[in-house]
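Please open the model in your viewer and keep the sequence beside it. The tour goes from one selection to the next.

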Amino acid sequence: MYMEHNNMKITSKEFNAITGEETITERDETAAEAKSRLDFVKELASEQAQAQAKAAAKAALLKKLGITEAESELLLA
Amino acid sequence: MAKQTFTTGQVLTAAQMTSLQQTAMLGGAASAKTASYVLVAADAGTAITMNSASATTITVNTALFAAGDTVQIINLGAGVCTITAGTATVNTSATLALAQYESGTLDFISTSAAIFIKGAGATGTTTESYNLINTGGTTLTGAATFTVSGISKKALFLYIENAQVSSGDRLRITFNSDTTNNYQFTGARSSAGAAYLPYRSGDVANIEFLRNGTSTTNGNYAFLQFRGCDGTGFKPFVATSNCTDSTTTGNEYIQSGYYKGTSAITTVQLFTSSGNNFTGGTFYVYGAQ
């Protein structure tokens, strides 16, 4: 779904308010769009890694304490 | 009355004299149109009224009019009526678009060129209610970029309803396909359900106004209102937006700022930061004159 190589195709739709016509075009992404896409992919991967690390640390702590997640929430309530 | 070719010894009727008098006094009967129209030679010296709820055009072609001929255009309808150069050249110091109750005159300087002199309309204030520019709204599927063009309004109100995009994707807009650092805004945003935090984006290449949560079926909603859109100065805006999933990466924004482009806004682009296609939602563009 997320293509990291260059020249990803961008589909654009345009509605002309004067003529009422809709046109659909497909073009290569611009350099700015490519940068935006790659930043997006990196950001998403970083967030997923952080979320996984956080979940793993939480599971390890619960195991160390010998309580379930529901019990930990009860403690924090 | 329409331009006549008089002959020697011709006797004018009272009706013809009355019509000539009206024309001489810049009045006279108008030819009523309700849809886009291409001018014909018989329109010389007459007035054309346009009355349509949708946008229309008046097309001007060559070899129909002589230097000195005039055609007055009056827009009675809610849809913008735009004077369009067909095969002829049409120049103006103003805009070729006539909002409701605006008028202008085509003054032909040759058989192939005219100057459009727009009459003074209301200025400085918004006198028209907001009207939907993109009829029915634009369905947000099958593309990553959606453009609404042919805009000629003093104020714009953009409404994004239930937009569906990639996990964590960001929604952005630009005007006139301007991707230079002409956008400046400040505000507060909440991420992952936390308290609102202030932020500022100075001189950036677009207005980012929303971020989706982790689900592709989240609804993303936004209002953005811009002023001064038909002028050369800054276009100030206010905006608020929400993702229905604010517990993960979904953001809620409150923003105000400027589009600093010096041209009147004629197009608006809505797009994703990922380049991935939208998978749902509707984009409404309302304008007021």
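Predicted model: local features only at pLDDT ≥ 70, side-chain atom pairs only at ≥ 80, totals over all residues.

Residues are numbered from 1 along each chain as its sequence is written, and chains are lettered from A and ligands numbered from 1 in the order in which they are written.

**Chain A**

Select chain A. Its secondary structure consists of two helices and two strands, and their order from the N terminus is β-β-α-α. Helices (H or I, at least four residues) and strands (E, at least two) are DSSP runs, numbered from the N terminus. Of the 77 residues in chain A, 12% are buried. A residue counts as buried if 20 or more other C-beta atoms lie within 10 Å of its own, as exposed if 12 or fewer do, and as partly exposed in between; C-beta atoms are placed from the backbone.

Next, select residues 31-65 of chain A, which are helix α1. How far apart are its end C-alpha atoms? They are 51 Å apart, which agrees with the 51 Å that its 35 residues should span at 1.5 Å a residue. The expected span is 1.5 Å times one less than the number of residues. Within α1(A), the buried residues are A:Glu33, A:Ser36, A:Arg37 and A:Phe40. β1 of chain A is part of what covers the buried residues of this helix. Just after the helix, look at A:Gly66, where phi is positive, about 75°.

**Where the chains meet**

Now show both chains. Chain A gives 22 residues to the contact and chain B gives 29; two residues are in contact if their C-beta atoms, placed from the backbone, lie within 7 Å. On the side of chain B that touches chain A, strand β13 (residues 145-149) of chain B provides the largest share, five residues. That side of chain B has 20 polar, eight nonpolar and one charged residues. Here Ala, Val, Leu, Ile, Met, Phe, Trp, Tyr, Cys and Pro count as nonpolar, Asp, Glu, Lys and Arg as charged, and the others, Gly among them, as polar.

Select strand β1 (residues 9-16) of chain A together with β13(B): they pair in the parallel sense over five bridges. Two strands pair if DSSP finds at least two bridges between them. To see one position, pick A:Ser12, which stands opposite B:Thr145 in β13(B).

**Strands of chain B**

Which strands form the open sheet of chain B, and in what order? The order is β2-β4-β6-β8, four strands with mixed pairing. At the edges are β2 (37-38) and β8 (97-98) of chain B, each pairing on one side only. Inside this sheet, β4 (residues 56-60) and β6 (residues 81-85) of chain B are parallel partners over five bridges; B:Thr57 has B:Thr82 as its bridge partner in β6(B).

Move on to β5 (residues 70-75) of chain B. Its pairing with strand β3 (residues 47-50) of chain B is parallel, over four bridges, and B:Thr49 stands opposite B:Ile74. With strand β9 (residues 103-108) of chain B, β5(B) pairs in the antiparallel sense over five bridges; there B:Gln72 faces B:Thr105.

**The nonpolar core**

Finally, select B:Ile73, B:Phe209 and B:Val268, which touch the most other members of the largest nonpolar core, a group of 63 residues. Such a core is a set of buried Ala, Val, Leu, Ile, Met, Phe, Trp, Tyr and Cys residues joined through C-beta atoms within 7 Å. Strand β14 (residues 155-164) of chain B supplies its largest share, four residues. Leaving aside neighbours within four places in sequence, B:Val268 is in contact with B:Val148, B:Ile151, B:Leu158, B:Ile173, B:Phe175 and B:Val285.
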